[in-house]
Amino acid sequence: MADFFQLKDQTALVTGGGQGIGAAIARRLHAAGARVAVFDCDDKHADEIAEELGGLAIGGDVCSESDVRDAIAKVEARLGPVSILVNNAGITGRTDLSWNLEVDEVRTVFEVNVIGPFLFSKAVVPGMMDRGYGRIVNVASIAGKEGNPTLLPYSASKAAVIAMTKSLAKELAGKGDVTVNAISPAVIRTPILDGMSPSTVEYMLSKIPMGRAGTPEEVAALVHFLASRESSFTTGQCYDISGGRATY
């Protein structure tokens, strides 16, 4: 039987890869044969996952263009050119009614969730075009499609990630086998839920027809497909992994 979705001899960079969904994605891509670099703002978490996978740990700030440039240089020097980029790093921000939020709180969420993926994509795209191959997968959210109350900055920033995905995909279409896609998870059982109010989590779970949260491993399986060579005719799309919640 053929070995579908193999990633042998490829280098993957996963932002926010030190825990939760990012760690599950890093493990899945490694299991498929990829060399994996784990970028995380928490050095300890990055070190733990990278050591487990025999990969490369990089600490840094996704909002810092110099940190991003340095990260790409380290990956290329140690593991080879980045052929797979997973923009997973993100924050929810404080859960509250939008008119109670300070503008700096909103700005911080946009910096991490939008500027971060922009900077990493900007850093890897020229090389992908030169080599004629690449896969970029952005982790958005069902909140970016439907908008969750008390999570305006998060919802709006993830909507921006979906639009950015579509724009970049159209720019790269026809410039080699380079694709850009996004996924929009609903509630996934990770530590990020601990930072949300119970009422917000309950609201989100109530919208899922399957009646449960997803798992990081289920998300990683979808990312694995979009990161593989077999996804060569798929670009500019946002794939739901929402237990049936998505309405479009």
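**Close-up views of a predicted model**

**View 1. Glu 218 and Arg 212 meet in a salt bridge between their side chains.** The N to O distance is 2.8 Å. A salt bridge here is a side-chain nitrogen of Lys or Arg within 4 Å of a carboxyl oxygen of Asp or Glu. The structure holds nine of these bridges. Glu 218 is partly exposed, with a relative accessible area of 32%. Arg 212 is also partly exposed, at 37% relative accessibility. The model is predicted, and local features need pLDDT of at least 70, side-chain atom pairs count only at pLDDT 80 or more, while totals for chains, interfaces and linings use all residues. Residues are numbered from 1 along each chain as its sequence is written, and side-chain values use heavy atoms, with hydrogens and water left out.

**View 2. A salt bridge joins the side chains of Glu 52 and Arg 27.** The N to O distance is 2.7 Å. Glu 52 sits in helix α2 and Arg 27 in helix α1 (residues 20-31), so the pair ties together parts that are 25 residues apart in sequence. Helices (H or I, at least four residues) and strands (E, at least two) are DSSP runs, numbered from the N terminus. Glu 52 is partly exposed at 45% relative accessibility. Arg 27 is partly exposed at 36%.

**View 3. Arg 245 and Glu 146 form a salt bridge through their side chains.** N and O are 2.9 Å apart. Arg 245 belongs to the segment after β7 (238-241), and Glu 146 to helix α5 (residues 143-146), so this pair ties together parts that are 99 residues apart in sequence. Arg 245 counts as buried, at 6% relative accessibility. Glu 146 is partly exposed, with a relative accessible area of 30%.

**View 4. Arg 94, Asp 96 and Glu 105 are linked in a network of salt bridges.** Look for these three side chains together. Another view shows Ile 91, in the loop between β4 (84-87) and α4.

**View 5. Asp 43, Asp 47, Glu 48 and Glu 51 form a negative surface patch.** Patch members have over 30% relative accessible area and no salt bridge; like charges are joined within 9 Å. Asp and Glu count as negative. The place of each charge is CG of Asp or CD of Glu. Areas come from the Shrake-Rupley method with a 1.4 Å probe. Glu 51 is found in helix α2 (residues 43-53). At 68% relative accessibility, Glu 51 is exposed.

**View 6. Helix α7 (residues 198-206) has the buried residues Thr 200, Val 201 and Met 204.** These residues cover an arc of only 95° around the axis, which puts them on the same side of α7. The arc is taken from the directions that run from the helix axis to the C-beta atoms. What does the face turned away from the buried side carry? Pro 198, Ser 199, Glu 202 and Ser 206 are there, and they are exposed.

**View 7. Phe 5 and Asp 9 are both placed in the segment before β1.** Strand β1 spans 11-15. Phe 5 has phi near 65°, a positive value in a residue other than glycine. Asp 9 is not a glycine either, and its phi is positive, at about 70°. Asp 9 is exposed, with a relative accessible area of 56%.

**View 8. Ala 163 and Cys 238 have C-alpha atoms separated by 9.4 Å.** Along the chain, the two are 75 residues apart. Ala 163 lies in helix α6 (residues 152-172). Its relative accessible area is 44%, which is partly exposed.

**View 9. Phe 110 and Ala 160 are 8.9 Å apart in space, C-alpha to C-alpha.** In sequence, 50 residues separate them. Phe 110 is part of helix α4 (residues 103-131). At 28% relative accessibility, Phe 110 counts as partly exposed.

**View 10. Ile 91 and Arg 78 have C-alpha atoms separated by 29 Å.** Along the chain, they are 13 residues apart. Ile 91 is partly exposed, at 29% relative accessibility.

Key: Buried means under 20% relative accessible area, exposed over 50%, partly exposed in between (1.4 Å probe, protein chains only). Patches are made of residues with over 30% relative accessible area and no salt bridge: like charges are joined within 9 Å, nonpolar side chains (Val, Leu, Ile, Met, Phe, Trp, Tyr) within 5 Å.
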